[in-house]
Structures are given as C-alpha cells and as structure tokens.
Amino acid sequence: MSSLKANAQEKITLQIAVDRTIANNLTIKQAQVNEQLGIADYQQAKNNMLPSLNATTNGGYNFGRSQVAGVFSYTSSTSLNINGSAQLDFTLYQGGQLRNQIIQNKLLLDVDKGQTSKIKNDLILNVVTDYLQILTNQDLVTAAKQQIDLANQTLEKSNISFKVGNQTLADLSQAKAQVSTATLNLTTAQNQLDLSILILKQYMEMDPYAPITIERPDVSKLNDVKTAYDPNDVVKTALTVNPDVLLAELQQKTYEQAISIAKGYYYPTVTLFGGASSSYSNQLTTHVVGENDIAQLIGIVQATSQAVVVPNSPVYAPYSAFNQIRDNFNQSIGLNIQIPIFNKFNTRTGVRKAQLNYQNAQLNTQISKNNLSKTIIQAVLDLSAAEKQYQSAQQTYAANKDALNVTKQRYDVGLVNSLDYNTAVTNFNKSENDMIEARYAVIFRSKIIDYYLGKTITL
C-alpha cells in the first residue's frame, strides 16, 4: 500500500515549481488582468482621436384638446410626430491632450507590465527560498532520525550496563531522556518540513493534500557557490534590471506626462461638427394641383365686361412619410471653438498638483534606488558572514564528531559516565544541525545576489 502511495507522488523539481507558480499563481493572474485593462485604456486613448457619430430619434403621439392657431377656439385632435437627426463631431485641437493621453496610457501599460514582472520575480525568489528551506528541513529530519538511532543505541547499552550493575538508575533515565529529546527534535523538524512543503504548494496553487516529493539537486552544484562580490558592481547592475527601480522610473514618467495633459486645459478646443435631420407628422397634408384650382365663371359685369369668378376650394391629400423626410431633410456643418478664459483657477491648480505628484514620484524613485543599494550592501555582507559561519560550523562539526568518537570509545569501556557521553552527543547533534543550516544559508545568500543581478535563479 505504501509503495503504491509513493508511486503516486509527483516529483517536483525547482524548475517545475517555478513554472507552475508563474502559470497558476493567482497574484500573477490578477496582475495579468490589470495588464489587459491597461491595454484597453491605451487602445481607447488612440480611439479618442477618431470622430464621433451619434444619431437620435424621437416620436410622440399627441391627443386631446388644443387651441386652433389664429382663432380663439379649441378642437380635439390626435397627431403622430417623429424627428430624427445625426451629429458628427471631430476634435481638431485640444491643447495636445489627446496625444499626451495616448503617451501616458502607454506608460501606464508599461507600469502594469512592470508590476507583473515584479510579482513574478518576487514569487520566483520566494519559491527558491522555500525550496532551499525544504532541502534544509529534509536534512534536519534525516539528522534527527540519525540522532534517534544513536540515542536508541545508547539506551540499549545503558539497559545492559544497568542490569549488570555498571550504571545507575540516573544514567538509565538520562539515556531515556536523550531518546525523548531526539524524538521531539524529529517531530519539530518534520513539522517544519511539512509546513515548508505546504507553502510551496500554495505558491503553485496546488491541492494541499496532493502527495509530492521534492527532488534534491546535485550536492556538488550546491557547494559550488560564488561568495565574493563587489557591492558597488552589484548595485550598478541592479539599478538597471531591478523590477522595483524600473517600476518606480516608469511611474515617474507617467506623472511627468500628466503635467502636459493638465497644461492642455489652458488652450482652446477646436471641434469640427456636421449634422443632418428630418421629421414627419401625420397632420401634414399636401396641396393637390388639378382642375379644382381653376376658378369658376359665374357672370360678367356689363359696364366693364369684367368676368366674375369664384375660386374653388383647394384639395389636400395626405403627405407621405417618404416625401416628408425628403422635403424636411436639412444639413449643417460648422466649427466650434471653445476658449478657456476663467474657470476658478481649476487648470492652474490641476497643473500644480500634477507637478507635485511628479516631484513625489521622483522622490519615490530615489527612495527605491537608495533602498536597493542598502539591501544589496547588506546582502553582500550577509553572504560574507554566512560563508564565515559555514566554515566555522564545519570546523565545529568536525571537532564534535571527533570528540563524540573518542567519548564513545571511552564510554564503551567505562572510562566516562553517561552524562559526559550524552553531552558529547548533544554537542554533536547541535553542530550537525548548525552546519546544515549554515550551508544552505550560504546558498540562499548567494541566490539573493543573483536575483538582484537579474540572473535566473537555479539550483
């Protein structure tokens, strides 16, 4: 059963962990969504250079009593009226705001991309850090198991010595305590290992209960770690590649561009417009020209021989919708110039605020550079200190290992008591754990420098 479970476990390398984090991490996906929003804003800024065309129409059905035009009487009537129009507007000049907005939105899009890059780099560093912590914890678990084996061997010998009267009950109890301590150390180390693996799964957005195994890299590669760096060279390179600094510089450029946009409100806005409209009403009629338009002769004045005629009543016919729309169709074209004269100092305030935001962005950029320099100098110092600590830990481990071997030989022949032997075991165990942690501290500190240099972090 355990064999089947082991076979079902997925093997995770550092590269797999990094790739899955970049592909699945929700924080990265959120940043990518913000990128898409930035693309939409940038595209819209370019679309704002195009003309706008809008059409409107309205229709109404009127009924009830209304006054007859020209007389003091009222009548009941119903009518249907429809009006339609189209308007075209094209901005010819707006103080350069449209063009400046395009530039700013492109910079904002670059900021979004820089933010995504920063999140990716930070997560990669976190994955590498946690991966190294897993390797450290695995070594600590292995060391803890070895310590339990050693403590059990000591307890077994103490039992034999106690039964033959060569050791006291106190010696036996101390050996049992050593086993309990080693077991507690194993439990603590295993918990730390489980926690570090859980954190790695969270970075990869994996099921926390999915069984995985962590592939250990070649130990020889881990030992080949560069530890000598010139902090000035690292800072010089990091300032050109570090995502935090690049992001701050991009944000500074967006605020600089905002000044040009704000100044655009000082200038006139020139707009070319054109329109067309027409209307229809069912109350309109058209005069029908025909025989009824000819006056009828009813007599002749004898004295003057002048004909006396009576005009016929004109004949009206319904005015078709098509003819009304055609006859009522009208067009317009013109130029609109809006000149800002006084707007309660809003433009001046907007420009001043844009300038202050730009100054603040400049300060943020410099703060980012200063923080990066301090962090890198500290990282170089930490790497140097970690290397010295590792060398010291190796020497301490070697010394305690020799001391334990000598003490064990003397303990086996009864020349030292159990207290001295357990003290030697404790010192050896502690020095072994310290050496393991110191070795990975050197590796981690070196990878930090690689991160600031913009190098791909590998193990």
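User: By class, what does the lining of the largest pocket have?
Analyst: Eight nonpolar, three polar and two charged residues. Ala, Val, Leu, Ile, Met, Phe, Trp, Tyr, Cys and Pro count as nonpolar, Asp, Glu, Lys and Arg as charged, and the others, Gly among them, as polar. This is a predicted model, where local features need pLDDT of at least 70 and side-chain atom pairs count only at pLDDT 80 or more, while totals for chains, interfaces and linings use all residues. Residues are numbered from 1 along each chain as its sequence is written, and side-chain values use heavy atoms, without hydrogens and water.

User: What volume does the largest pocket have?
Analyst: About 250 Å³. Of its 13 lining residues, D194, I197, K201, A210 and I212 are the closest to the centre. A pocket here is an open set of points on a 1 Å grid over the protein atoms alone, where a 1.4 Å probe fits, with protein on both sides within 12 Å along at least five of seven lines; lining residues have an atom within 4 Å of a point. The volume is the space filled by probe spheres set on the points, which are joined across faces, edges and corners.

User: Which element gives the most to that lining?
Analyst: Helix 5, with six residues. Helix 5 (169–204) and strand 4 (212–214) each supply at least two. Helices (H or I, at least four residues) and strands (E, at least two) are DSSP runs, numbered from the N terminus.

User: Switching to the surface. Which residues form the nonpolar patch?
Analyst: L92, Y93, Y266, Y267, L272, I333, L335, I337, I339, I341, F342 and F345, with about 1300 Å² of accessible area together. Strand 3 (74–93) and strand 10 (330–338) are the elements that give two or more residues, and strand 10 gives the most, with three. Nonpolar side chains (Val, Leu, Ile, Met, Phe, Trp, Tyr) are joined within 5 Å, like charges within 9 Å. Areas come from the Shrake-Rupley method with a 1.4 Å probe, and for residues only the protein chains shown count as cover.

User: And where is L92?
Analyst: In strand 3. L92 counts as partly exposed because its relative accessibility is 46%; buried means under 20%, exposed over 50%, partly exposed in between (1.4 Å probe, protein chains only).

User: What about phi of F345?
Analyst: Near 65°, positive in a residue other than glycine. F345 lies in the loop between strand 10 and helix 10 and is partly exposed at 43%.

User: And K344, buried or exposed?
Analyst: Exposed, at 67% relative accessible area. K344 is in the loop between strand 10 and helix 10 (346–412), with a positive phi of about 60° although it is not a glycine.

Technical notes: Patch = residues over 30% accessible without salt bridge, like charges linked within 9 Å, V, L, I, M, F, W, Y side chains within 5 Å. Salt bridge = Lys/Arg side-chain N within 4 Å of Asp/Glu carboxyl O.
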